[in-house]
Amino acid sequence: MSIVYLEQHRLFDIRTARSSYVFGINEKGTVQHLYWGAPVEAADCAELLRGRHHSSFDADVDRETEEYGGWSGCHYAEPGLKVTFADGVRDVRLSCEGFEISGENELVLRLKDDHYELRVDVRYKVMAEHDLIERHVRVTNGEALPVRIEQVMAAIWSVQRLPAYRLTHVTGRWAGEFQLRRTVLSEGKKTLESRRGFTGPHANPWFALDDGGAGEEAGDVWFGALGWSGNWKIVAEKTTFGHVRIAGGVNDFDGAFELAPGESYTSPVFVGGFTAGGFGEMSRLLHRYEREHVLPTRKLRKVLYNSWEATEFAVTAEGQKALARQAARLGVERFVVDDGWFGQRHSDRAGLGDWYVNPEKFPNGLKELIDEVKSLGMEFGLWVEPESVNPDSELYRQHPEWTYQFPTRTGTQLRNQLLLNLGLPEVKRFVLDFMTDLLSTHDIRFIKWDMNRTVTEPGALPLEDHSGESVWLRHVWHLYEIWAELRARFPHVEFETCAGGGSRIDLGMLRFADQAWISDNTDARDRLAIQEGFSYAYAPAVMMCWVTESPHGFNGRSLPLSYRFHSAMMGGLGIGADIGKWSDAEIAEAAGYVALYKQIRPLVLEGDFYRLKPLGSGPEPGRSNVAAYQYVGRDGKEAVAFVFLHSQHFGAETRHLPLRGLDPEAAYEVQAGEAEPAVRRGSTLLRLGVPLELRGDYKSMLIRLRKLP
Ligand code: GLA
């Protein structure tokens, strides 16, 4: 049993394989968080349930550790819920009316306001084998009048009794997503958030907390990830009484909405976990959870070719067919036409919104190209950006009122485009209809769904008709509904989430997307840092990486094909180079890497991932000279590691790379780069490591291991 109620102590004892999570109901009926961490005897936590009062300035200190509290009385911390009732009362006092434990792993706490018919169900789903707990809330208005919801967090996580608290998170920007940051929390709040209408590259809804001493392989780490693809916030608050609470949910900024009588609001899911196994184990727990419980399917990513960097908007049937023939020679399995195939889309200035096949570019429609792609043994995929519109488009000329706008303002154009108000039922219908038409009239097996700008002027006209709504919420709800509907109508189609690179990746989107485009930056060296940051919270199973040209247009950096392939083989492999210009020798070399990738693909996409030598932890963070990553198959029989040497200095040194996740007693056949295979003991590989013959600049190698019977 993962969840037990200890009647005598009024305590809830949530157990995962390697953690305890304990809270209880105090004599006032409020639910108090008591303990989260390595396993303890829950009954021993009973004494922590007593009220705490410090002074008239800090009365009811225990409200800081309420499991889920409303803004009321002496609750001064970031609240779970803040509302205004129809009579003007702005105080929500929640106490526990009851609870239900269902099955092995689900608990609902039933909270109710002491006076009003406002109910909050606080829900827990325990993923015992992953040491994770999914939490979310459902708020129901049983009043006869609307209630204004001003803040509703999905969950509040409490971490107590650490001598210090260090927060790990990611930040970034376009082409520089998922950069790891670590900061010691002092008293006050640190907010990670998006107010831009989508998940955003500037922060990602994931956090990790430790006492400053945890490493990759060991140390207590508390962590969580929120599944919301619109405006979100995660507030890490350290109180002056020395504990940290992490509140997370849909961002309350500009986010108030009305809950009509009888209506309910369900928050996104905020999953949280604890491990004593350091940041590495944290990532492996999240990766397994994503593969087993979040992602819509468990298919392995196909090797794809995407024509964007080769052609940009200059898409033609003949040009694409030529690229497809080259792609087939490489061993590509999925050929994807990116932007530029539709409407009058010759640049980013026009055509977005007009989802008909451009007749000059494809005089015989898309079918001709699709047939050619299929005859070459590949499947066909297509790029769309359904939420956007260029003012220079037929769609905008017909429906200017479908865009976000305020009457006295000129809409901000970003990349020459506006955003459609997907929250409007007619816009949702339009998107569903054109996508259904596209997918039912063509043999399309893959959709890359993009969104290339942030939300601005989030109004819907006439304004007075929309006063009780949250446009922010409706956009995301409709987006999810459209993806769910399309997946149901077209189960054979796989979907990629993309937003100008990696700006819409979170556990909400990953319930619908098979894979994620994590950055428009395809410089293989920059990519290592981006991929590494991504790996803290998200699985290699969804991480799409392309091999592109050298020198690379973004940084002007030249990198050997081997390095570019090794970097891109760390997730779902794609090729985005202008392969029409590649020589036969380059094609042959690349085809060799693609064939090798197909052999190791199940390990990379479904194995356990180890950051052996992360870039982010070198002497100068982000500038470490060697980066190494390992994947171990779930059955432990095979493993693969990638090693990257940034630059050689001061002569050769003998390097050894200690590996992880191996059986110390077993013997392994080790194939390190081009060297002859050797047999080594697991204990040697774990402690002494694999000798590395790696010299020069931008050198890389792949190490394969096979456990001998
Ligand atoms: C975004 C995507 C790119 C590409 C372009 C097309 O930037 O991230 O991969 O699809 O749009 O306009």
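What share of the 709 residues of the chain count as buried? Hi everyone, let's start there. The answer is 60%, where buried means under 20% relative accessible area, exposed means over 50%, and partly exposed is in between, with a 1.4 Å probe and protein chains only.

A quick word on what we are looking at. This is a predicted model, in which local features need pLDDT of at least 70, side-chain atom pairs count only at pLDDT 80 or more, and totals for chains, interfaces and linings use all residues. Residues are numbered from 1 along each chain as its sequence is written, and side-chain values use heavy atoms, with hydrogens and water left out.

Now the overall picture. The chain has 11 helices and 38 strands; these are DSSP runs numbered from the N terminus, with helices being H or I of at least four residues and strands E of at least two. Along the principal axes, the C-alpha atoms fill a box of roughly 80 × 70 × 45 Å. A compact globule with 709 residues would have a radius of gyration near 27 Å, and the chain agrees, with 27 Å. That radius is taken over C-alpha atoms, and the globule rule is 2.2 Å times the number of residues to the power 0.38. Among contacts with a separation of 6 or more, 69% join residues 24 or more positions apart, where contact means heavy atoms within 4.5 Å.

Next, some helix packing. Two packed helices are described by the angle between their axes and the distance between the axes. The axes are lines fitted to C-alpha atoms, for helices over the stretch in contact, and angles run from 0 to 180 degrees between N-to-C directions.

Look at helix 8 (residues 524-537) and helix 9 (residues 561-568): their axes come within 9 Å and cross at roughly 20°. The two are therefore roughly parallel, since angles under 35 degrees count that way, over 145 as roughly antiparallel, 65 to 115 as roughly perpendicular and the rest as oblique. Their crossing is left-handed, meaning the near helix is turned anticlockwise from the far one by less than a right angle, while clockwise is right-handed. Helix 8 brings A524, R525, R527, L528 and Q531 to the contact, and helix 9 brings Y563, R564 and S567. Sorted by class, that makes three nonpolar, two polar and three charged residues. Here Ala, Val, Leu, Ile, Met, Phe, Trp, Tyr, Cys and Pro count as nonpolar, Asp, Glu, Lys and Arg as charged, and the others, Gly among them, as polar.

And what is the handedness of the crossing where helix 9 passes helix 10? This one is right-handed. The axes of helix 9 and helix 10 (residues 584-606) come within 11 Å and cross at roughly 30°, so this pair is roughly parallel. L561, S562, F565 and H566 of helix 9 meet E586, E589, A590, Y593 and V594 of helix 10. That contact divides into five nonpolar, two polar and two charged residues.

Finally, a few backbone details. A cis peptide bond joins S550 and P551, with omega about -5°, and P551 lies in the loop between strand 29 (543-547) and helix 9. Another cis bond links L461 and P462, with omega about -10°.

A175 is not a glycine, yet its phi is positive, near 65°. A175 sits in the loop between strand 11 (166-171) and strand 12 (179-184), and counts as buried at 6% relative accessibility.
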